[in-house]
Amino acid sequence: MSATCEFQAKDYKSDLKPIWCPGCGDYSVVQGIYRALAAIGRPPHEIAFISGIGCSSRIPGYTTAYGFNTVHGRALPIAQGIKLANPDLLVLAAGGDGDGFSIGGGHIAHLIRRNIDITYIVMDNQIYGLTKGQLSPTSQKGRITVTSQHGSLEEPVNPLLYTLAYGAGFVAQASPTDLASMASIIEEAIRYPGFAFVNIQSPCVTYGEEAQQIKGLKAISENLSTLGHNPADRLAAMDLAQQYGRKLHLGVFYRNPEPAPTYDGLIRERQAALSKGALPKERILDLFIKK
Amino acid sequence: MRKDLVFGMAGSGGDGIVSAGDSLLQAASAEGYHGVMTKSFGSQIRGGESSCRVRISTEPIPNPGGNLDVAVALNWEDFLKFGAELPVSGTTVVIYEAATGVAENQIPLVGVTPLQVIAVPIAGIAKETAGTERAKNTVVLGLIAGWFGIGGQAVMAGIKKKLAKKGEELVAANQRAFDAGVAFAKEHPLKTDMTVIPSGNKGALKLLTDGNDMAAAAAIFAGCQFFGGYPITPSTEIMQFFTNHVWKYGGAVLQAEDEIAGIGAAVGASFAGKKAMTATSGPGLSLKSEMMGLASIAELPLVIVDVQRGGPSTGLPTKTEQSDLFAAAFSAHGDVIRPVLAPTSVADTFRVVVEAFNIAEHYQTPVIVLSDQEISQRKETMDPIDTTQFKIEERLRPTAADLQEYKRFRITENGISPISHPGMPGGAYLAAGIEHSETGAPTNSGSVHQRMNDKRTKKFDPLLNREDLFEITGNPDAPLALVAWGSVAGVCREALQMAQAEGLNVKLMVPYLLYPVAEATYNRFFASVQKGLVVEQSHLAQTFKVLRMHLDLPKGLKSLARSGANPFLPGEIVEALHHLLAELQRSHEGKLQPQE
């Protein structure tokens, strides 16, 4: 762990210029991440920021940290290896809705049940942007895209309900409509000791629908705290999460008031317990001696 | 008296034939013999057929042996399912269960007249002495001790140890079954003496283990601190070893949600600065290929053990084959070199896995270790390995000067750039699957791509001069040659000895480094070669084709290739060499004839 020292949001901004479309919601998301990291104050070299493939998966490159822009759908498997190899690191994973809930959809359940202390940010824009406008796992049923030219026949995935149902200890939603609260939600997610999921409604200005742009999002957004939602109430959180796609609830849906032990914490305990009296590794072949 | 005996035993799943093989091997090892045991099963978890082969010798053993000296069939239906894996010949003593009702002159082995055939009421003896047919395997061990002089006290000592917790009566019952087996053998002496020479080496310190456990132990010795994997036959025991031991060395293991996540976590651990490994078998290797490409372009060290089995797809999941060479060398897309190494025995699995870590760390690359089902699941006695003679390499870390203006992918003379890891101040960079500049910035530039491809491929040049990764035996100027790797190498080592004893002028190359192809090393080896064989268990002759792709092979070099689960016998290779020699002599005579 580092000594505390002062960091500002700009200290986490890298020299790379984003190649996102002008007006893309992801510009706000990366700002929110800089602010959250500054509030937490870990030096950049103690942060590992992992992504998959997609427009939003460019984000580690725009952040001063150890970044890893990996392959499509596999941010989480790689992030968990990093955290288990070095639990001291602050590990962030990020990507889009296709990356996280379609090609990589098999991983999130397992990171949740292992409760690995990683913060996972999905920039959910209900479309495949990098491949130019195909149907995504969170696209609304009936949506017309280049791969659903007569309208989608599929129900969308509900990322909030999905993660809550698998037992995530921290589930929240944010949006560029309120940058200050987005930054504080991300900060809270990082501080949560365990797997934390933040779904961010991040509009695609090029392929997104009108209703999903900032103006449209503002029209359906409601702050969970003003609704009087108790984030310790998982069932109430699941009830609210069912309105995903119709309402934009911003804030913390669920925060486990009694966080479960983390996998990375448990392996440390196991290492400490089992390393006592172990054979030195130079003598590991003694295990095979037959007398 | 014999120096060497090969036992092959088969029965149905519950007969305990493999456990009898284990007891025999352990007893032989305790008595100072060298021993090798392989197991072969059907795919059923319970029931179905199971078999083992145990070879015992006073000399070090190159392979599990060719034709059986002793065949034990608890029933014929199961025995016959193993076909060429349990070959009976005119020098085999066949022992079988009398209760099968088959007459000694009517055993169902077509075209073979064994040396001797003996029906033994194995189940009957077990029932009579131990009160249960479950003691059949102990009766078999008694027969073996009686007829062949192997086991004896050591077998019962092992059984006592194993059954100690289950009570004295069970131990006593097994002792009665064992003694009855010995007595039966004494009452029915063999026509030919087949007892094994006493080892004279009793009490010598030996290691006894299989290839999977050896691979895992070698990895931990090499400093591996993370294993990510997914269960798949026949590689799973590697992960199992890690779950037992790696914590003691400050490491961690993850049984991941799938093959991709298993290698993904290992890639992550390597990015985080730790030596990391995954292990799998055929279908899993296919799933991992995208991640191998990522590790290559991100220049991250990683060891992948692929325990080959029959393919494609599910194929023959419990049988050995050498058909993953193409996949290992070429499966990830893009222009990439990925070193591939192969062990030939349990003992040298240690050296090969340590070498794989050294190459991975030195060259910052994924390295594949191509083991195979036979090596991975065969148990072998071996002399203790002096671990102090192994040098352990670590990846090149940036110096303080490097970190002044750190470029993770700096183009250096040898193509190897200092690598930082999260936690290291001043070393933060972006790793990526996308092409990148020296600093790690993403790029679409053709010229940068060209330079980076150059860097990532030329860095392997020194590997091509590693002659220590090739074993060459026999006369260096021989006109006849054999090339073989993996478990087939051991068969060819024995074939070489037999051929030399028969006066053939022959040599053998065993590559431990399969890819990249060390062209100069092969060319030197082939310089004297007029006729030869590349021997492999691959229907498509993948090794022969990879060599042909890189080399102008001698015209007389042929492929001796066949599908997995059809083992080669040393004798047939010697016979093939005799044919090649005859061809060679004919062509020489042809040349001597006056031209019209």
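Chain A of the predicted model contains nine helices and 11 strands. Its C-alpha atoms occupy a box of roughly 75 × 45 × 40 Å when the extents are taken along the principal axes. The radius of gyration of chain A is 20 Å, which agrees with the value near 19 Å that would hold for a compact globule, because the latter is the figure that goes with 291 residues. Of the 291 residues in chain A, 54% are buried. When the contacts in chain A with a separation of 6 or more are considered, 70% of them are accounted for by residues 24 or more positions apart.

Between the two chains, 44 residues of chain A are in contact with 55 residues of chain B. On the side of chain A that touches chain B, the elements that give two or more residues are β2 (66-69), α2 (75-85), α9 (263-275) and β11 (289-290) of chain A. Among these elements, α2(A) provides the largest share of that side, with eight residues. By residue class, the side of chain A that touches chain B consists of 23 nonpolar, 14 polar and seven charged residues. Strand pairing also links the two chains, in that β11(A) is joined by two bridges to strand β7 (residues 206-210) of chain B, and these strands run antiparallel. Within this pairing, Leu207(B) in β7(B) is the bridge partner of Ile289(A).

In chain B, an open sheet is formed by five strands, which follow the order β16-β18-β17-β20-β21 and show mixed pairing. The edges of this sheet are β16 (470-474) and β21 (557-561) of chain B, each of which pairs on one side only. On average, and with direction ignored, neighbouring strands of the sheet are turned by 20° against each other. At one position in the pairing, Glu536(B) stands opposite Ala561(B), the latter lying in β21(B). A helix of chain B, α18 (residues 542-550), lies across both β20 and β21 of chain B, and α18(B) runs at about 125° to β20(B).

How values were computed: Residues numbered from 1 in each chain as written. Chains lettered and ligands numbered in written order. Predicted model: local features only at pLDDT ≥ 70, side-chain atom pairs only at ≥ 80, totals over all residues. Contact = placed C-beta atoms within 7 Å. Helix = DSSP H or I, 4+ residues; strand = E, 2+ residues; numbered from the N terminus. Nonpolar A, V, L, I, M, F, W, Y, C, P; charged D, E, K, R; others polar. Pairing = 2+ DSSP bridges. Axes fitted to C-alpha atoms, helices over the stretch in contact; angles between N-to-C directions. Rg over C-alpha atoms; globule rule 2.2 N^0.38 Å. Buried ≥ 20, exposed ≤ 12 C-beta atoms within 10 Å, placed from the backbone.
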